[in-house]
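Welcome! Please keep the view open as you read.

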Amino acid sequence: MSEIKSLKKELKFLVGDISNLNNLKPVVLKHFDDLIINFLDEFSIYLKKVNKIYYLSDLESLSFWTRKKNLITLSKKLKKINNKGLGTVFHITPSNIPTNFAYSLFISLINGNSNIIKLPSKNLQQIQIICNILKKILTRKKFVKIKSMITVLKYKDNDKITELISKISDSRMIWGGDNTVKSIKKIQSKPNCLDIVFPDRYSLSIININSLLKLDHHQFKLLITNFYNDTYLVDQNACSSPHLILWLGKNLKIKNKFWKELSLYAKSKYKNEQYFNLEKYSKMLDDIMCLKNISDIKIYESLTYVVYLKNLNWNLETLRGKWGYFYDYDIENINKLTKFVTKKFQTLTYYGISKKILNNFINQTDLHGIDRIIPIGQSLNIDFNWDSYDLSSILSRQVKLG
Amino acid sequence: MINLFNKKNFSFPKELTSNPFKFSNKEKNIFFKNNFYRLNNYHLKNCLEFKNLTKFLKIKSNKSQHLSEYFYLPVSIFKKHNLVSVKRKSIIREIVSSGTSGNLSKILLDKVNSINQRKILSGIVSTFIGKDRLPMLIIDNDPRTSSDKSINARKAAIYGFGIFGKNVTYALDSKNQIDYISVNNFLNKYKDEKILIFGFTHLIYIKLVNEYKFKKNIKKNIFKNAILIHGGGWKKVEKLKVSRKLFNKKIQNKFNISRIHNYYGMVEQTGSIFFECHCGYLTTSMFSDVIIRDKNFNPLNVGKKGLIQLLSLVPTSYPGHNILTEDIGEEIEEVKCKCEIRGKKFIVHGRLDKAETRGCSNV
């Protein structure tokens, strides 16, 4: 690892230092180790306190997720006896969800691994806050064992550095879509290094229109807020943000109300950037010219573009919007979606649809994609089950005892 | 009433193109509105994509409506689609934008459109520099020596402006270094004459202001009769972080050139460019107009910053007569301008800020 020392100038450490990269025998702990649970709980308490200044909803979720009570619940469901960490996990993290790197890190820590995190190039406030807290807690004596398990760093894309770190890693968590996955996969790693990849995905929503008829003002508003958080909050540009909204049942009035309310909420919350509007306007013209199945397009409050479709075509995953640009289609039956679903499909968020119907949909034999079916509002929640990986077992090693 | 588009032949009459600032603002508005309506209808009839978009969005084209109510195309559309309003076989030239990033815009010209571009450019430029051809120094390399045979906006501008000069001399060699022998020969030869210097703003700045070194027999005074025309390449200009005022001051201090004209134009509307008047404001001619729009695309009043929309009577072979740019500018109150050049006055602040977008593929 003397080579990595020579590249020291390129590296900026936010947590940990270069000595962590020289460690050929990384610390491994057991699955759901109490030390990690206690560490994360202290992190949770600290973050909650700090977030009283910032009031950031994603930090609040992270603090909620890392509290002891939640981790114990998860442990009861997922903990495996005789499982240990794989060794060192190298995380290449994206900038779309500012807290993504933390979830990636914590899930791996809980599995018992040491971690090296490459942060996205953007300077995000949340990342700074999280790293500062980690750094502080790691100085506590009781967590001395964990100290070498967390290294958070930044460097300008540099294949040499990525290769050096890859060669000491037992697994690489490659976030960031098709291009990142392709370019990182090209870089050599240890022969037994396990690549866990997160390529580009496509997500959509389905709403039972009749269920909206019964909602009071407050409930309707909550649905709108949840939908906003899945979409506008991340510029509709996370892999789990929906682009296509399917409506079960027909009721134009309610549908219009939904889009209108969404646009009004966005108007009060979203940054109305001229660039976003120009791009949405251009995208709309492009769609009118290229798509043959549009019945109408409406622009609500200049902020929410809705393209109404006459029918569904192949390559649904090419219908992509950003910054509040949606495709809208009335579907008679959820099962009609099946034949359009490909491996690219990730998240289907729903509202007002029974588990029985969804179960039936999942268990159709010819469903080729969709890894998560979850209520609207939870699309950005990262979990041990992500992109069809069971991260509670894949990131650890089971020792068989006969 | 002068109609430019009432015949099969759209060749513009010379008495109009040679004097593109002759109308009073009131006369111009009537002339422009009337002809813009005709041109828009021409494109509606002859460009299917343009017609379909207008129809889909239910945007009207009435003689009485305000200019801001016509359907406009964002410039990015020319990057993805080859739009034409004439028969394909009459296209004689393709001009591509010299953009540095992403896809390039492609503009398809027929003969009439090409000729009108040249006529109008000539009318606008000669208003400022006179009708005589001047010895011309171009701060660029000779586009004919380039191995790339396609015509991009940079070459098009050099060819377009080249017609105003005689003894055209290129100041840079093929490696973009100053060719001191050619430059100094040129300067010595025309030391007592009025000369024209032309180039892209960023190249003028880098090559003339920063790099050029005076040699013993070339004195600052040699430029006293020079006229400098520069424009183009906003992205590169912004990187320099030099204001218009500082740019002019540096040119004046180093070369003693007092006649400096910036111009603003788009490859989509070649010909009807916007020249800086004597007060330093960009000016519409009778063949062009400008509208500033807010975040939600509503037209803005004088003095308010917004997105620049450009209207032109020149584009006939493709529907580029009404385009929404990606530049930010503002219209200037009429009373602020004291010079004799008539037209709507505006300034450009720079490119639209491409705010950061979050994204899975953005590591």
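What follows covers the interface between the chains, then helix packing inside each chain, and then salt bridges.

Please keep in mind that this is a predicted model. Chain A and chain B meet in a contact that takes 41 residues from chain A and 35 residues from chain B. The area buried between the two chains is about 3,300 Å², and the structure holds 25 salt bridges over all chains.

- Carbon and sulfur atoms give 62% of the roughly 3,300 Å² buried between chain A and chain B.
- On the chain A side, the residues that lose the most area to chain B are Gln274(A), Leu278(A) and Met289(A), which together make up 21% of what that side buries.
- The crossing of helix 12 of chain A with helix 3 of chain B is right-handed.
- From helix 12 of chain A come Leu285(A), Ile288(A) and Met289(A), and they meet Glu49(B), Leu53(B) and Phe56(B) of helix 3 of chain B.
- Sorted by class, this contact of helix 12 of chain A with helix 3 of chain B has five nonpolar residues, one charged residue and no polar ones.

**Helices packed within chain A**

- Helix 2 (residues 34-54) and helix 3 (residues 57-65) of chain A have axes that come within 8 Å and cross at roughly 155°.
- With that angle, helix 2 of chain A is roughly antiparallel to helix 3 of chain A.
- Their crossing is left-handed.
- Helix 2 of chain A brings Phe43(A), Ser44(A), Leu47(A), Lys48(A) and Asn51(A) to this contact, while helix 3 of chain A brings Leu59(A), Glu60(A), Leu62(A) and Ser63(A).
- By class, the contact of helix 2 with helix 3 of chain A has four nonpolar, three polar and two charged residues.

**Helices packed within chain B**

- Helix 2 (residues 25-46) of chain B packs on helix 3 of chain B at an angle of about 105°, with the axes 5 Å apart.
- These two helices of chain B are therefore roughly perpendicular to each other.
- Asn40(B), His43(B), Leu44(B) and Asn46(B) in helix 2 of chain B meet Leu48(B), Phe50(B), Lys51(B) and Thr54(B) in helix 3 of chain B.
- The residues of this contact between helix 2 and helix 3 of chain B divide into three nonpolar, four polar and one charged.

**Salt bridges to look for**

- Between chain A and chain B the count is one salt bridge.
- Lys80(B) forms a salt bridge with Asp286(A), and the closest N and O atoms of this pair are 3.1 Å apart.
- Within chain A, Asp195(A) forms a salt bridge with Arg172(A), with the closest N and O atoms 2.8 Å apart.
- That pair links distant parts of the chain, as Asp195(A) lies in strand 7 (residues 194-197) of chain A and Arg172(A) in strand 6 (residues 171-174) of chain A, 23 residues apart.

Methods:
Residues are numbered from 1 along each chain as its sequence is written. Chains are lettered from A and ligands numbered from 1 in the order in which they are written. This is a predicted model: local features need pLDDT of at least 70, side-chain atom pairs count only at pLDDT 80 or more; totals for chains, interfaces and linings use all residues. Side-chain values use heavy atoms; hydrogens and water are left out. A crossing is left-handed if the near helix is turned anticlockwise from the far one by less than a right angle, and right-handed if clockwise. Helices (H or I, at least four residues) and strands (E, at least two) are DSSP runs, numbered from the N terminus. Contact means heavy atoms within 4.5 Å. Ala, Val, Leu, Ile, Met, Phe, Trp, Tyr, Cys and Pro count as nonpolar, Asp, Glu, Lys and Arg as charged, and the others, Gly among them, as polar. Buried area is the accessible area (1.4 Å probe) that two parts lose on being put together, summed over both. A salt bridge is a side-chain nitrogen of Lys or Arg within 4 Å of a carboxyl oxygen of Asp or Glu. Axes are lines fitted to C-alpha atoms, for helices over the stretch in contact, and angles run from 0 to 180 degrees between N-to-C directions. Angles under 35 degrees count as roughly parallel, over 145 as roughly antiparallel, 65 to 115 as roughly perpendicular and the rest as oblique.
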